[in-house]
Amino acid sequence: MSKKLHLHLDADASSKALHSALLARGHDVTRTPTEWMPLDASDEQQLLGATAQGRAIFTYNIRDFIALGKRYPHHGGIILAYQRSMNLNETVHALDRVLCETDADEWVGQTRWLNDWR
């Protein structure tokens with residue numbers, strides 16, 4: 001049985017507008033900061049925290065998260081985007097597609113580009 005993908009927005013991608021738009025579409029999305037992730041958490045803490053919560057992570061911090069994905073190959077999934085590659089509506093649309101069209105199991109250990117869902 002497939003398990004629905006849940007998402008965490010790391011500190012770099014953690015806009016209230018993005019978070020609210022994804023929640024409004026019915027998705028299970030958290031953002032830094034949250035009760036289990038302080039605003040000053042390191043990238044490593046955010047990836048491991050999201051994984052422990054059963055979530056993939058969305059970030060604009062490409063270089064660091066590519067390295068972390070290699071260091072922790074069993075993470076819950078990393079979704080990357082260049083910060084100014086999409087406006088808010090395009091980002092919401094692409095993440096909505098990811099969350100609707102993929103399952104959590106497909107993301108374990110995967111690092112992929114959000115542009116694939118534009």
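Reader: Is aspartate 96 buried or exposed?
Author: Happy to start there, and please keep in mind that this is a predicted model. Aspartate 96 has a relative accessible area of 15%. A residue counts as buried when that value is under 20%. Aspartate 96 is therefore buried.

Reader: Which residue forms a salt bridge with aspartate 96?
Author: In general, side chains of opposite charge can pair when their charged atoms come close. For aspartate 96, the closest N and O atoms of the pair are 3.2 Å apart. The partner is in the loop between helix 1 and strand 2, 71 residues away from aspartate 96 in helix 4. That partner is arginine 25.

Reader: How many residues does helix 4 have, and what does it reach from its first C-alpha to its last?
Author: Helix 4 covers residues 88–101, which is 14 residues. At 1.5 Å a residue, 20 Å is expected, and the helix comes close to that. Its reach is 20 Å.

Reader: Which residue caps the N-terminal end of helix 4?
Author: Look for a side-chain oxygen by the backbone nitrogen of asparagine 89.

Reader: Which helices do the buried residues of helix 4 pack against?
Author: The buried residues include Val92, Leu95 and Leu99. Their packing partners include strand 1 (7–9), strand 2 (29–31), strand 3 (56–59) and strand 4 (78–80). The helices are helix 1 (16–24) and helix 5 (104–107).

Reader: Which residue does arginine 97 meet in a salt bridge?
Author: The pair's N to O distance is 3.0 Å. Both residues are in helix 4, and because they are 4 residues apart, about one helical turn separates them.

Reader: Which parts does the salt bridge of arginine 118 and glutamate 90 tie together?
Author: These two side chains meet at 3.3 Å, N to O. They are 28 residues apart in sequence, so the pair ties together the segment after strand 5 and helix 4.

Reader: Which residues make the nonpolar surface patch?
Author: The patch is about 280 Å². One member is in strand 5 (residues 111–113), and at 31% relative accessibility tryptophan 113 counts as partly exposed. The patch is made by Ile66, Tyr82 and Trp113.

Technical notes. Residues numbered from 1 in each chain as written. Predicted model: local features only at pLDDT ≥ 70, side-chain atom pairs only at ≥ 80, totals over all residues. Heavy atoms only, no water. Helix = DSSP H or I, 4+ residues; strand = E, 2+ residues; numbered from the N terminus. Expected span 1.5 Å × (residues − 1). Buried < 20%, exposed > 50% of the residue type's maximum accessible area, 1.4 Å probe, protein only. Contact = heavy atoms within 4.5 Å. Polar contact = N/O pair within 3.5 Å; in protein donor to acceptor, adjacent residues only side chain to side chain. Patch = residues over 30% accessible without salt bridge, like charges linked within 9 Å, V, L, I, M, F, W, Y side chains within 5 Å. Areas by Shrake-Rupley, 256 points an atom, 1.4 Å probe, with all protein chains shown as cover. Salt bridge = Lys/Arg side-chain N within 4 Å of Asp/Glu carboxyl O.
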